[in-house]
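Please open the structure in the viewer and keep the selection tool at hand.

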Number of protein chains: 2
Amino acid sequence: MNTTSLIILSGGMDSVTLLHDKKEEIALAVTFDYGSNHAAREIEMARRNCKMLGIEHLVIPLKFMSDYFKSSLLDGADSIPEGHYNSENMSSTVVPFRNGIMLAIAAGLAESRGLSRIMIANHGGDHAIYPDCRKEFIDSMNAAVKEGSGHKVELIAPYTEITKSDIACIGKKIGVDYSLTYSCYKGGEKHCGKCGTCIERKEAMHDAGIADPTIYES
Amino acid sequence: MNTTSLIILSGGMDSVTLLHDKKEEIALAVTFDYGSNHAAREIEMARRNCKMLGIEHLVIPLKFMSDYFKSSLLDGADSIPEGHYNSENMSSTVVPFRNGIMLAIAAGLAESRGLSRIMIANHGGDHAIYPDCRKEFIDSMNAAVKEGSGHKVELIAPYTEITKSDIACIGKKIGVDYSLTYSCYKGGEKHCGKCGTCIERKEAMHDAGIADPTIYES
């Protein structure tokens, strides 16, 4: 298979699963550092997975997001709400148009490198609170990427209509080591176990029948 | 009229005309510094026009573009081809997915600020060599911006189907001072007069019957 893809890799469960799932076709992994509470720990996990697979890895800082964007995800651990993703209060963790920004930069970088596909691991469990994770967004962004690159680049988001539990099942099948992923929005040394993304991480591993290797504070 | 718009302002003729044309509805102007040869001179012109109109102005550096993107526009004055925009050699000045990246960041920033429109001054004279200036791109990017912002932000590109000469006619009518704009891709103190954007600048002012205030080297 040709290595003609660029992947947006956060270092969380979803994108690390996609990295291993499509490793034969990935030429470049890009992690965007937009100043989130958990950036440093996620980036380290992204780096370790790329090193393991021998895939080139770039970290691109997006300082303007922490300078000018409003989101509790950028405001320190104490601002992160606790509770399930479905809770109303989780909407404070939205970083406006985050996936659109990452995909646009990925499209330009792919075209610069002569790569024809950009991949992202958004999924159906990313809930209605994140509009830039939904199929309607992915489809229109794919059209924009194709038009704006002169049909040289397309967008692939294979997990858009499945859940995080489905992703964990894929990871189990192909042997992803989830101790080399980080999720917690608070960004502590241990996962907090209480924020929306920690709760979803636990549920997904439980549903997939994986012995959860994560050390939680609670 | 409500000031609910953000404009992408380069400091060239087109975006400066749009700034003055829509000044009553613009709350924020954003200039992206992606390391082009002419960035410093354009930014200074953007700054002066905003100051004149009392509009807030942000400059956002996009260092990753000069670090990782391929384009003669980022490679120093000697790399810029001379001749008309329609020439094949001008395609080296394409910065891959540049408008997509600027619009995506603008969308996120607008949503963060509670603004409902992002404006860009791409135009019908931007030629087939720049796919991210065409109507097909603008329409699909607008759909992506709407979907990805939960229908809080939309994209307005009022010059998409007119020429640079048409824009100069608008500027003449509303009294834009084109000595406070910069175009040359080479980025020198004087406009070179030979690159595609200089040639188009001259032609547009001539067509609009404006006495060109620009000092050209040739």
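**First stop: a threonine and its surroundings**

Select B:Thr160 together with B:Asn122, B:His123, B:Gly124, B:Cys133, B:Arg134, B:Lys135 and B:Ile138, with which B:Thr160 is in contact when its neighbours within four places in sequence are left aside; contact means heavy atoms within 4.5 Å. This is a predicted model, in which local features need pLDDT of at least 70 and side-chain atom pairs count only at pLDDT 80 or more, while totals for chains, interfaces and linings use all residues. Residues are numbered from 1 along each chain as its sequence is written, chains are lettered from A and ligands numbered from 1 in the order in which they are written, and side-chain values use heavy atoms, with hydrogens and water left out.

B:Thr160 lies in the loop between strand 5 (154–156) and helix 6 (164–174) of chain B. Helices (H or I, at least four residues) and strands (E, at least two) are DSSP runs, numbered from the N terminus. Is B:Thr160 buried or exposed? B:Thr160 is buried, with a relative accessible area of 10%; buried means under 20%, exposed over 50% and partly exposed in between (1.4 Å probe, protein chains only).

Now display the side chain of B:Thr160. A polar contact of 3.2 Å links it to the side chain of B:Asn122, and it also reaches the backbone oxygen of B:Ala157 at 2.7 Å. A polar contact is a pair of N or O atoms within 3.5 Å; within protein, one must be able to donate a hydrogen and the other to accept it, and residues adjacent in sequence count only if both atoms are side-chain atoms.

**Second stop: the sheet of chain A**

Select the strands of chain A, where an open sheet of 5 strands has the order 3-2-1-4-5 with parallel pairing. Two strands pair if DSSP finds at least two bridges between them. Strand 3 (56–61) and strand 5 (154–156) of chain A stand at the edges, each with a single partner strand, so one side of each has no neighbour in the sheet.

Next, select strand 4 (residues 117–119) of chain A, which pairs with strand 5 of chain A in the parallel sense over 3 bridges. Here A:Arg117 stands opposite A:Glu154.

**Third stop: where the chains meet**

Finally, show both chains: 31 residues of chain B are in contact with 31 residues of chain A. The count between them is 2 residue pairs in polar contact, both at pLDDT 80 or more. On chain B, strand 3 (56–61), helix 3 (63–68), helix 4 (98–113) and helix 5 (135–148) each supply at least two residues of the side that touches chain A.
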